[in-house]
Amino acid sequence: LPVGSTGERARGWKIPMCVRYGVGDQVFEGCTLLEEPVGELALEGGRCPDWVMPNARGAGYYRFSLAGDALKDLRGAGWARLTPMEKLAFADSLRAAFESGSLPAAELYASLQPLAQDRVRQVAMAPMALLEFALERLVGEEQRSAVRALARRLYMPTYRRLGWEPSVKGQEDGESTL
C-alpha cells in the first residue's frame, strides 16, 4: 500500500506465484500457491541461485520487493536473462516498493540504468515517470539539476546508439531540460 494509505495491510490473499532463477548457466522455474504471509518454495540447482526473478514471465498478479544484494543480483547477473514482461514487472515492482516506503530512493534510482538502456521501448521508457516524479514532487529546485544529470547519464548511451544529434548547441553538456 502507498505511504499514508488507510487500506488494511494485514488482509490475506492466496497468490499463485512463479519465480525464475539462475544457477550458473542454467535457468529454473518454480511455482507455489502462497496462502500465508510467509511461505517456502524449494529451489532446484543444488545451491543458492545467482539471481531470482519473483514474477516469472511477468505473469503474476502481484508485485514484489527485493532487498540489498538480491536486487543487485537481479539487475546485474539476472538482467540479460529476463524477458521484456519480466523487466516491466521489475519496473512496476520498483515503483510500488518505493511508493510503499519499503525501497529507499537511492536503491530505486540505482536500479534505473538497466531499464533505461534496454532495447525494448516500453522497458526503456519505464524510468521516465520516476524521473518526472522526482523533478515535480521529490526534490527542491536546488536538486533538480542533479535529477536532470541522472536522466542524461541514463539515456545518453541510447541517444548516441540511435545516432541522434543535439538540436541545440550545448545540449549534451547539460544545458537542456528533461
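1. Aromatic pairs. Three aromatic pairs are found when the whole structure is searched. Rings of Phe, Tyr and Trp (its six-membered ring) are counted as a pair if their centres lie within 6.5 Å; planes under 30 degrees apart are called stacked, over 60 edge-to-face, and the rest tilted. One of the pairs is Tyr21 with Phe28: the ring centres are 5.5 Å apart and the planes meet at 25 degrees, so this pair is stacked. Tyr21 is buried at 1% relative accessibility, and Phe28 is buried at 15%. Here buried means under 20% relative accessible area, exposed over 50%, and partly exposed in between (1.4 Å probe, protein chains only).

2. Basis of the values. This is a predicted model, in which local features need pLDDT of at least 70 and side-chain atom pairs count only at pLDDT 80 or more, while totals for chains, interfaces and linings use all residues. Residues are numbered from 1 along each chain as its sequence is written, and side-chain values use heavy atoms, with hydrogens and water left out.

3. The strands. Strand S1 (residues 15-23) pairs with strand S2 (residues 26-34) in the antiparallel sense, over nine bridges. Strands (E, at least two residues) and helices (H or I, at least four) are DSSP runs numbered from the N terminus, and two strands pair if DSSP finds at least two bridges between them. S1 and S2 form a hairpin with two residues between them, and Gly24 in the turn has a positive phi of about 65 degrees. Met17 stands opposite Thr32 in S2. S1 is also joined to strand S3 (residues 51-53) by three bridges, and these two strands run antiparallel; Arg20 stands opposite Met53 in S3.

4. The disulfide. How many disulfides does a search of the whole structure find? The search finds one, where a disulfide is a pair of cysteine sulfur atoms within 2.5 Å. Cys18 and Cys31 form this link, with their sulfur atoms 2.0 Å apart. The pair links distant parts of the chain, Cys18 in strand S1 and Cys31 in strand S2, 13 residues apart. The link of Cys18 and Cys31 is right-handed, with 110 degrees about the S-S bond. Cys18 is buried at 18% relative accessibility, whereas Cys31 is partly exposed at 44%.

5. Cys48 is exposed, at 63% relative accessibility.
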